[in-house]
Number of protein chains: 2
Amino acid sequence: MIRGWVIAALAALALPAAAEPPIVLRDMGSFHVGGREVVISGKPVQEVRRTPGGPPAKVDPNGPQLVEHMYVQYFLPAEPHGAYPLLLWHGGGLTGVTYETTPDGRPGWLNFFIRRGWDSYNSDAVERGRAGFAPPDVFSGEPVYPSKSDPFERFRIGAGAGSYDPDPAKRKQLPGSQFPADSYDDFVKQMVPRWLTTDDAILAAYIAEIDRVCPCVILVHSQAGQFGFRAAQARPDKVKALVAVEPAAVGDPDRVAALKAIPILAVYGDYIDQDARWPTMRATGLAFFGQIEAAGGKVDRLDLPQAGIHGNSHMMMMDRNNLEVAALIQKWLAERPGLYR
Amino acid sequence: MIRGWVIAALAALALPAAAEPPIVLRDMGSFHVGGREVVISGKPVQEVRRTPGGPPAKVDPNGPQLVEHMYVQYFLPAEPHGAYPLLLWHGGGLTGVTYETTPDGRPGWLNFFIRRGWDSYNSDAVERGRAGFAPPDVFSGEPVYPSKSDPFERFRIGAGAGSYDPDPAKRKQLPGSQFPADSYDDFVKQMVPRWLTTDDAILAAYIAEIDRVCPCVILVHSQAGQFGFRAAQARPDKVKALVAVEPAAVGDPDRVAALKAIPILAVYGDYIDQDARWPTMRATGLAFFGQIEAAGGKVDRLDLPQAGIHGNSHMMMMDRNNLEVAALIQKWLAERPGLYR
């Protein structure tokens, strides 16, 4: 994409939040969707007191349990402009909070897209956040608990391994980084434990969400890259556009033809060439996009540094220029025929 | 309270949701608050692949970790009528979803109070939902995973032990129950695992929320009864009113004088006399209220069946008459001097 296109998008960017008009919703709410019932047996019954001084009670985990559902919160503007709902899918170790207020208190992408008239569905994937997690032995293995230093070094906030220091003043943030590192602790609090063995369950629940809410546009980030492409391959008629923000993995290379009618935008931030992991993940993405195009599809690549936008981390929806990036995505969506009015 | 007062409140109840005007917000967003940093050591480093076919990575849980914070989502009406923010605190094994859309898709108490002009702060307590949970050994013990039958029998939806049946047609719901039992699975999906050893951490985070957001009005349910009364005892000048919906436990009986200037409303639903546990928990509450009044305070009791409102379960914010109950709480709040305009 050319720089003139980017400049036009940024010129249309709204005024700062303080000057913005109210958010007017015809409705807002939430639901859970997907999942299955399992029957647990052979576990001990616990004798507990749920409150101090309260009556004794038994907790029996045996019997039917509902597992592997997901949580969805929706905001429906009074004056919709999106022709379809917009679904926001978060990355690994995160929840829908990704798209809410930034760690330093600025508006996030959720408010941005609601204000532009998208019926917006923000969610917590299976075993994250308000989706809850299953009793032992339903998922394989244990969740992982990366230390506080991990996302600093892994999400292109700091300059890779060793860049985190307990003393904020001694952390080696990437030069020109747009991440609001003064609020790094607030970002770390957004992270939640995750299992590494639940991809199939997560995808199944996302497909259940599609079956309930779509046709729609889907925006995915990081881990959700694979879910976005695979769900679109499973329901190609229901997905009217797909925005992949730094997808960490992609879809089934044997089924790329299913994606050929879906407009796709892939967005990548800065510092990828100097990272230990991201050159590989981007190359995987670009190879997959080539396969889609060889099958007759179309993938627009938005490389932010090539477009003159510098300093974006993997968490570009909370970087200081997060609304500039959102405006580029909005402009791309608005230019797809039939998506926005 | 007299029945005429209740009838007046219900007469003021809004039209059904379909006829309601838009929700107009000057802002909405979220943050995490509270918690502490711990240093984990001696745990094994895991070799993982975060995505299928992705690059190998190490997950090291050792080092600093942020734990015991909570999640808060806020909705600020464009035309506020509450003189203070309204904080909504959920019960055990639940999250802020408690106050969102009911399991059968009707508006919940969150939308009700936002529409009445309350700056509303809905939250997930420590180790629930979007608050995330800590690595092993930070909390004592393991979380509990009650079976699907447990809330049916324990929350006065069914007629106690043995009332749940895998076949919905064979479940023994309490006669006249207002709970939307056809959507029971959707309610069970709202439940999340909980630890039984985190009361102190939960209270500390709630006090951190108060220190950030209040002065305020606080509405608590079930497990949060103890947190509401104890937080008010810790910050009596910050809590301008307290609504305790079926508190499962209460505050420190040695510090009731701290509550004497705080208007308090306690709400109880139906079927308590025939329940195995609730007569004890209600008696604990009523005894505590007597102590508050002996110290010069005031506690209004709203016993719904005595007021002519029948059929309410422990989850009255999602019962079919949930907005009738909310209207009684709203009327009580509006009648307290200086709370509503």
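**Reading the contact between two chains**

K148(A) forms a salt bridge with E37(B), with 2.7 Å between the closest N and O atoms.

Q: Before going further, what kind of model is this?
A: This is a predicted model, and the details below should be read with that in mind.

Q: How many residues does each chain bring to the contact?
A: Chain A contributes 79 residues to the contact and chain B contributes 79 residues. The area buried between chain A and chain B is about 6,200 Å², and carbon and sulfur atoms give 57% of that area. On the side of chain A, R50(A), R130(A) and K189(A) supply 14% of the area that this chain buries against chain B, which is more than any other three residues supply.

Q: How many salt bridges and polar contacts join the two chains?
A: A salt bridge is counted when a side-chain nitrogen of Lys or Arg comes within 4 Å of a carboxyl oxygen of Asp or Glu, and the count between chain A and chain B is six salt bridges. The pair K148(A) and E37(B), at 2.7 Å, is one that meets this cut-off. Between chain A and chain B there are also 33 residue pairs in polar contact, with both residues at pLDDT 80 or more. Strand β1 of chain A, residues 23–33, gives the most to the side of chain A that touches chain B, namely ten residues. Sorted by class, that side of chain A holds 38 nonpolar, 21 polar and 20 charged residues.

Q: In which sense does β1(A) pair with strand β1 of chain B?
A: The two strands, β1(A) and β1 (residues 23–33) of chain B, pair in the antiparallel sense over three bridges. Within that pairing, V24(A) has V24(B) in β1(B) as its bridge partner.

Q: How many disulfides are there over all chains, and which cysteines of chain A form one?
A: Sulfur atoms of two cysteines must lie within 2.5 Å to be counted as a disulfide, and the count over all chains is two disulfides. C214(A) and C216(A) form a disulfide with their sulfur atoms 2.2 Å apart, and this link of C214(A) and C216(A) is right-handed, with 75 degrees about the S-S bond.

Q: Is the peptide bond from C214(A) to P215(A) cis or trans?
A: The bond from C214(A) to P215(A) is cis, with omega near 25 degrees, and P215(A) lies in the loop between α5 (199–213) and β9 (216–221) of chain A. In chain B, a cis peptide bond joins C214(B) and P215(B), with omega about 25 degrees.

Key: Residues numbered from 1 in each chain as written. Chains lettered and ligands numbered in written order. Predicted model: local features only at pLDDT ≥ 70, side-chain atom pairs only at ≥ 80, totals over all residues. Heavy atoms only, no water. Contact = heavy atoms within 4.5 Å. Buried area = accessible area lost by both parts, 1.4 Å probe. Polar contact = N/O pair within 3.5 Å; in protein donor to acceptor, adjacent residues only side chain to side chain. Helix = DSSP H or I, 4+ residues; strand = E, 2+ residues; numbered from the N terminus. Nonpolar A, V, L, I, M, F, W, Y, C, P; charged D, E, K, R; others polar. Pairing = 2+ DSSP bridges.
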